[in-house]
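Subject: Structure handover

Hello,

Here is the structure for you to look over. My notes follow below it.

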Amino acid sequence: MSAADIAAIFQGAIVTITLSAIGILIGLPIGLGLALIRWADVPVLGRIVALYVSMLRATPLVTLLLLLFFALPNIGVPMSPVSAAILGLVMSTSAFNCEVWRSALMNFPKDQYEAAQSVGMNAGQRFRRIVLPQIVPVSLPGLVNEMSLLIKVTPVLAVVGVVDITRAAVRIGAQTYEPLPPFLVAIAIYVPIVFALVSLQRWIERRQTRAEALA
Amino acid sequence: MAETNKVLDVAGVSKRFGANEVLSDVSLQVDKGETVCVLGPSGSGKSTLLRCINWLERPDAGQIYLNGERVGINNAGIVMGDRDLSKIRTRIGMVFQHFALWPHLTVLQNLMEAPVQVQRRPKAEVRDEALALLAKVGLSEKCDAFPARLSGGQKQRVGVARALAMRPDLLLFDEPTSALDPELVGEVLVVMRELAHEGMTMVIVTHEMAFARDAATRVLFLDRGKAVETGSPEKFFSNPETERARQFIQRYAGDVAGGRR
Amino acid sequence: MIHDFGIVWSERSLLLSGLANTAILSALSAIAALLLGFLVTPALMSKRPAIFGLARLFVDGMRCVPFLLFAYIIYYGLPSLGLRLDNWSSGLAALIIYNTAYMAEILRGAWAVQPREPIEAGIAFGFSELKLFRRIILPPLLLSAGPVIGNQMIQIVKDSAFLTIIALPELTHAASSIQSRHYIPFAAFITAVFLYWGLCLVIEAGISSIGRVAEARR
Ligand SMILES: Nc1ncnc2c1ncn2[C@@H]1O[C@H](COP(=O)(O)OP(=O)(O)OP(=O)(O)O)[C@@H](O)[C@H]1O
Ligand SMILES: [Mg+2]
């Protein structure tokens, strides 16, 4: 394996990281939106969101990607590997995020909400000024956990042809007939990223339990 | 070992945890039908003494005999294997401060579990006996409930019945009422008094001075791991020999005078 | 569109055998990972630094490695070390080893919050060794860890789909074959998605029944 090969894997890493970041950034607010629809118990739409979330949580990302990549062009939506990857990541991660946000919303103390109502805040103010600042810290560990899960499934993007870490590694393995080294390089890139997220999650949790103990 | 009467003989038992000598040279003999209350301040080694008796804790020195049979060390002079230890333990019932009922089993199953699984007695017989014991502690209607659904007093009565279901030669109680709300203490003490009357052999660690005073045949006062005093409750409470015991009794004087807390 | 689903229906035996393989693969690896997890958990709690360190390294390592890369290593990487496994063995091995780490961590967490006294009561009542474990320790442990183990099983089902890349004939692979044979991507993959969903709903039903049993005892 040459230096150029390693450089190619790192180039793939940039693709992986960029796609993950896009998936996370879009998936976060969409997950919150879905959670709000369920929380507010919007008729019909609430049920649909519940089914969507339940289904996507059960769907492996490979299967979802293959569905998007091959089926959408059939109905006239052009799909590049990258757009299929982003769409798949967003759909899947937003379903998981929805559950994290929703459980924070469900546990939100009702009396606070009513207190905000009683001082005449409108729905938008109540949400932005009272609810959101409190559910963000509660949801944070779950959201970070979901981020690390998302990073861990990104190798599957290679299946629809995205030239990410994994595809670069597979390609080099096929050229050199030595598949082990490029895979080890790929893992060496993934491990610190996931480890950083897992540590971040633990750190947040520890800080929060300490804050609770003091309060 | 000639006296057939002696159920428990603790001879010079010592136990240390690291540098902390928790029991030093403690001896205690208990005859058949006796109720011995072990008293003493917190940390004096009461629990450790009980746990040494059935070898939940392994004593560093001294011997323990149950009905003349050495506990923990076999005839060859070496530490018993799990199998032999377990056989001896089935003859010593234990009641725990926090009940220690098995949460996944119903009340009746809690009573039947060890007699059927460990003693291998016939299920039907064990069941009849368990039902009779539940009736005795006044919990017949709870036999199919899970422990989590019981009050503390009910849990502890199940704990006592569970220990009795083993037909033990000796019952050990470690502060059986101290985890209970005050108004629930009485219902457990009633059961224990009844057992004392029936001649069950018992060693009871307790802070219930009134109970010790009128239900015990003898008290043992432990202080900093030493058996400081032993004797009849009348003498111990009215005229203790040592200053430590006097201070201890004074602290709990309200208990004795006022019946119960 | 209806026509497409007709084609899927005509290929149902392929799809069902894929579903069966997914279910078997997931069930086997879940059981094996759970059993092996029971062996790793004591090491995670060991007081001997070498044993503890090795177990921690394994568990945390696996939790940081993407499953797909791990499966690649086992299938494509091990042969260069002279160890060649077919796709079933390597897929199964990958799922089992990977999830052993997760199961061990789940069991450790559940063990840490188990009350000690009931176990001590078991010893005092004469239970020992295997019987103590089987009758006194295990049931409450499984009840409290059950829901988390169930969630991990859903994760295993989803991870098993990755094994399509090593040509293991599981559900996603079956859907891919149907799609490439007939060019009906939507019908083929959406059917697979619904089958995965059904499988997970079954597992979730199992989780909530364990939850109910545990609730009655809590
Ligand atoms: N497993 C152990 N390891 C180390 N120290 C222990 C252990 N068990 C008990 N000790 C120590 O031994 C001493 C006696 O403990 P023990 O529980 O026997 O006291 P006690 O008389 O039962 O007190 P209490 O009334 O509070 O229950 C205490 O200082 C305790 O900290
Ligand atoms: Mg104690």
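Helices (H or I, at least four residues) and strands (E, at least two) are DSSP runs, numbered from the N terminus. This is a predicted model: local features need pLDDT of at least 70, side-chain atom pairs count only at pLDDT 80 or more, and totals for chains, interfaces and linings use all residues. Residues are numbered from 1 along each chain as its sequence is written, chains are lettered from A and ligands numbered from 1 in the order in which they are written, and side-chain values use heavy atoms, with hydrogens and water left out.

**Chains A and C**

Chain A has eight helices and zero strands. Its elements therefore read α-α-α-α-α-α-α-α from the N terminus on. Along the principal axes, the C-alpha atoms of chain A fill a box of roughly 70 × 50 × 25 Å. Of the 215 residues in chain A, 46% are buried. Buried means under 20% relative accessible area, exposed means over 50%, and partly exposed lies in between (1.4 Å probe, protein chains only).

Chain C has nine helices and zero strands. From the N terminus on, the order in chain C is α-α-α-α-α-α-α-α-α. The C-alpha atoms of chain C fill a box of roughly 70 × 50 × 25 Å, again taken along the principal axes. Buried residues make up 55% of the 218 residues in chain C.

**Helix 1 of chain A**

Helix 1 of chain A covers residues 3–39. Helix 6 of chain A covers residues 123–153. The two pack at an angle of about 135°, with their axes 11 Å apart. Axes are lines fitted to C-alpha atoms, for helices over the stretch in contact, and angles run from 0 to 180 degrees between N-to-C directions. Helix 1 and helix 6 of chain A are therefore oblique to each other. The cut-offs: under 35 degrees is roughly parallel, over 145 roughly antiparallel, 65 to 115 roughly perpendicular, and the rest oblique. The crossing of helix 1 and helix 6 of chain A is right-handed.

A:Leu25 is in helix 1 of chain A. A:Leu25 is exposed, at 62% relative accessible area. A:Ile22, A:Leu25, A:Ile26 and A:Ile30 make a nonpolar surface patch of about 330 Å². Patches are made of residues with over 30% relative accessible area and no salt bridge; like charges are joined within 9 Å, nonpolar side chains (Val, Leu, Ile, Met, Phe, Trp, Tyr) within 5 Å. Accessible areas come from the Shrake-Rupley method with a 1.4 Å probe; for residues, only the protein chains shown count as cover.

**Backbone in chain A**

Most residues other than glycine have a negative phi. A:Asp41 has a positive phi of about 55° and is not a glycine. A:Asp41 is in the loop between helix 1 and helix 2 (45–58) of chain A. A:Asp41 is exposed, at 61%. A:Tyr177, also not a glycine, has a positive phi of about 60°. A:Tyr177 is in the loop between helix 7 (165–176) and helix 8 (180–214) of chain A. A:Tyr177 is exposed, at 72%.

**Salt bridges**

A search of the whole structure finds 28 salt bridges over all chains. A salt bridge is a side-chain nitrogen of Lys or Arg within 4 Å of a carboxyl oxygen of Asp or Glu.

In chain B, B:Arg157 forms one with B:Glu187; the closest N and O atoms are 2.8 Å apart. B:Arg157 lies in helix 5 (residues 152–164) and B:Glu187 in helix 6, so the pair ties together parts that are 30 residues apart in sequence. B:Arg157 is buried at 12% relative accessibility. B:Glu187 is partly exposed at 25%.

B:Gly186 is also in helix 6 of chain B, residues 182–198. B:Gly186 is partly exposed, at 23%. B:Gly186 and B:Gly153 are 33 residues apart in sequence and 8.5 Å apart in space, C-alpha to C-alpha.

In chain C, C:Asp60 forms a salt bridge with C:Arg56, with 2.9 Å between the closest N and O atoms. Both lie in helix 3 (residues 49–64) of chain C, four residues apart, about one turn of the helix. C:Asp60 and C:Arg56 are both buried. C:Asp60 also meets C:Arg63 in a salt bridge (3.9 Å, N to O). C:Arg63 and C:Asp60 are three residues apart in helix 3 of chain C. Both C:Arg63 and C:Asp60 are buried. Salt bridges that share partners join A:Arg202, C:Arg56, C:Asp60, C:Arg63, C:Glu105 and C:Arg108 into one network.

Best wishes

Notes: A crossing is left-handed if the near helix is turned anticlockwise from the far one by less than a right angle, and right-handed if clockwise.
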